[in-house]
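This report describes selected charged residues and their surroundings. Please keep the sequence and the model at hand while reading.

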Number of protein chains: 2
Amino acid sequence: MGYRVAVVGATGLVGQQVLRVLEERRFPVDELRPLATSRSAGRQVEFAGSSWEVGEATAEALEGADFAFFAASSDISRQLAPVAARAGTVVIDKSNTFRMDPEVPLVVPEVNGHALAGHRNLIASPNCSTIQLVVALKPILDRFGLERVVVSTYQAVSGTGAAALDELEAEVRAHLEGRDHAPEVYPRPIAFNVLPHCDRFEAEGYTLEEWKLVRETRKILGIDDLPVTATAVRVPVRVGHSEAVWLQTRDEATVDDLRRALAAAPGLVVRDDPGGAEYPTPLEVAGRDEVFVGRIRRDPTAPRAFWLWVVADNLRKGAATNAVQIAEALVAAGKPAGR
Amino acid sequence: MGYRVAVVGATGLVGQQVLRVLEERRFPVDELRPLATSRSAGRQVEFAGSSWEVGEATAEALEGADFAFFAASSDISRQLAPVAARAGTVVIDKSNTFRMDPEVPLVVPEVNGHALAGHRNLIASPNCSTIQLVVALKPILDRFGLERVVVSTYQAVSGTGAAALDELEAEVRAHLEGRDHAPEVYPRPIAFNVLPHCDRFEAEGYTLEEWKLVRETRKILGIDDLPVTATAVRVPVRVGHSEAVWLQTRDEATVDDLRRALAAAPGLVVRDDPGGAEYPTPLEVAGRDEVFVGRIRRDPTAPRAFWLWVVADNLRKGAATNAVQIAEALVAAGKPAGR
């Protein structure tokens, strides 16, 4: 028994990872439809040991698909996702387009899988930096409550896409050879630099990335007024977002309490040995599907205050893996029915 | 009128910057004594258009110096600084050795220059990440008070020294060529990675760098129980530390209030235009002597809460420039008397 699965944006960084994760996790694919914009249609992608030609992403190409993973631009999602959903395809959308729509569940399965109930064939997968944050916050929220969350991010260049990775490499090479290389993807050089600027600037001096982190976290955790705030920073890392998270719990807790709650949480690995320099870093965590947490410690200057260091592969748990896990949760619940 | 000036650690990254800053700021040097450990003695350094042979750092070599800038290891500071100070040399020490000694002023001239009064010939210059933080906090503290400070750092590799810069470059080259390069200076690769680990691990799961930031900030601002906490992270940047600072003021303030207070503060440059993507980055700020602040905005989820993004050249304002400014303040006050 299997499914007809479309992947829109199959030639992009996230789309490629969706194909890899579907294969690795043996998602029951009966028929694969790799799709992309007309610019990339005709290219080949690899899946399950074969090459597949990429078709153009149109409403017709999606007809009859059981699942469609959207990992393309917001424009394509806006145009095609509702059409496909109405036609009966379960759409799992990675773009920002529908995330805050009250009719659309925004889901990290191990955090709020219950939100999938009653979906209308359109499900949003959150922003990469949000996913790893809520996986770490959820077990703390459930046991001790949350009073405040302050996040500083260290976000990888792959979050911006393949062109940004090329720019990082070109800048690094130019730098080592003493040449200049004018940035095109980012407004400033990213090699040997950090930019407190992810996505475009919006209201109140916040970037869209910072607002996403605030709004999506509240929606997923189901607390409309959760006090969460962020500074989002791009760093010259290829894959793997890191977050320095300062939080206050509502109830009293010890570091050991937090460590136990985190260690027992699904999809989460605690790597923490303060004495022995054990902590997660993005280079080590790249390629993994879990969220990694270390540097768990008290802030002795504030009541019920703690620090966490949270790292995950932004292309996998932050994007492809989470989308595939949403599909797996639906399959486990028997909807849609397989063939 | 000028001074006999010794620079201990003259061949190191900070010592080299001390020589450059002394020259650029036309510090009245009558006689220069570049000194280092026996390993580096005999090498040449450049100052004021000439080459100078580096002598071995001994008590004898320091005798009769008016000023001695210590930019070497903590061991050398522990061994030689008190001897030189007792012999009448004004020692400005960049190491961690004496910073928390209640008899030793810990000084950022534009923040607590008054602490120089009554010094006993031994003055400590703070840790790089502390200096830029207190320059940004001081004008806010003075006008609106401070209730809480939460800092996440993005620290450059030059803070660790020349060997770490070499390691970063070797790792970057190996990475681009698809080779492995085992780290030696850091416990993990720093190229295309971030490490939540600056200096050694100490009590309560904090690193020494994090404790320095807490303790030194309190001493410089003169508030023993100021609630300040930090996560210190090394990033693959060559020069320039950045800090994402979340703070709460004691009194009500607007973003414009904060911007005005910061813009009027000595040694500080506001680079902030939220709409136009104007903000400081380490690559642009390297080589400058000021502390740069941007991304000034409200956290609407907490009372009197704000974010700042603070960037400075860790080798200059974070080390050499601050040390030379301490000497300039003493010269302006007429102590020691010149020749």
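## Salt bridges and an annotated arginine

Over all chains, the structure holds 54 salt bridges, a salt bridge being a side-chain nitrogen of Lys or Arg within 4 Å of a carboxyl oxygen of Asp or Glu. This is a predicted model, in which local features need pLDDT of at least 70 and side-chain atom pairs count only at pLDDT 80 or more, while totals for chains, interfaces and linings use all residues. Residues are numbered from 1 along each chain as its sequence is written, chains are lettered from A and ligands numbered from 1 in the order in which they are written, and side-chain values use heavy atoms, with hydrogens and water left out.

Three of these pairs are set out below.

| Salt bridge | Distance, N to O |
|---|---|
| A:E169 and A:R173 | 3.0 Å |
| B:E284 and A:R188 | 2.8 Å |
| B:R297 and A:E210 | 3.3 Å |

A:E169 and A:R173 are four residues apart in helix α6 (residues 162-176) of chain A, and therefore about one helical turn separates them. Helices (H or I, at least four residues) and strands (E, at least two) are DSSP runs, numbered from the N terminus. A:E169 is partly exposed at 28% relative accessible area, and A:R173 is also partly exposed, at 33%. Here buried means under 20% relative accessible area, exposed over 50%, and partly exposed in between (1.4 Å probe, protein chains only).

The salt bridge between B:E284 and A:R188 joins two chains, because B:E284 lies in helix α9 (residues 282-285) of chain B and A:R188 in the loop between α6 and α7 (208-221) of chain A. B:E284 is partly exposed, at 35%, whereas A:R188 is buried, at 10%.

B:R297 and A:E210 also form a salt bridge. This pair joins two chains, since B:R297 belongs to strand β13 (residues 291-298) of chain B and A:E210 to helix α7 of chain A. B:R297 is buried at 1% relative accessible area, and A:E210 is buried at 0%.

Within chain A, a network of salt bridges links A:E24, A:R25, A:D289, A:R316 and A:E328.

An unreviewed UniProt entry lists A:R99 under "binding site"; UniProt positions follow the numbering used here, feature names are shortened, and annotations may be inferred rather than shown by experiment. A:R99 sits in the loop between β7 (90-93) and α4 (109-112) of chain A and is buried, with 2% relative accessibility. Leaving aside neighbours within four places in sequence, the residues in contact with A:R99 (heavy atoms within 4.5 Å) include A:K94, A:S125, A:N127 and A:E216. A polar atom of the A:R99 side chain lies 2.7 Å from the backbone oxygen of A:K94.

Note on methods
A polar contact is a pair of N or O atoms within 3.5 Å; within protein, one must be able to donate a hydrogen and the other to accept it, and residues adjacent in sequence count only if both atoms are side-chain atoms.
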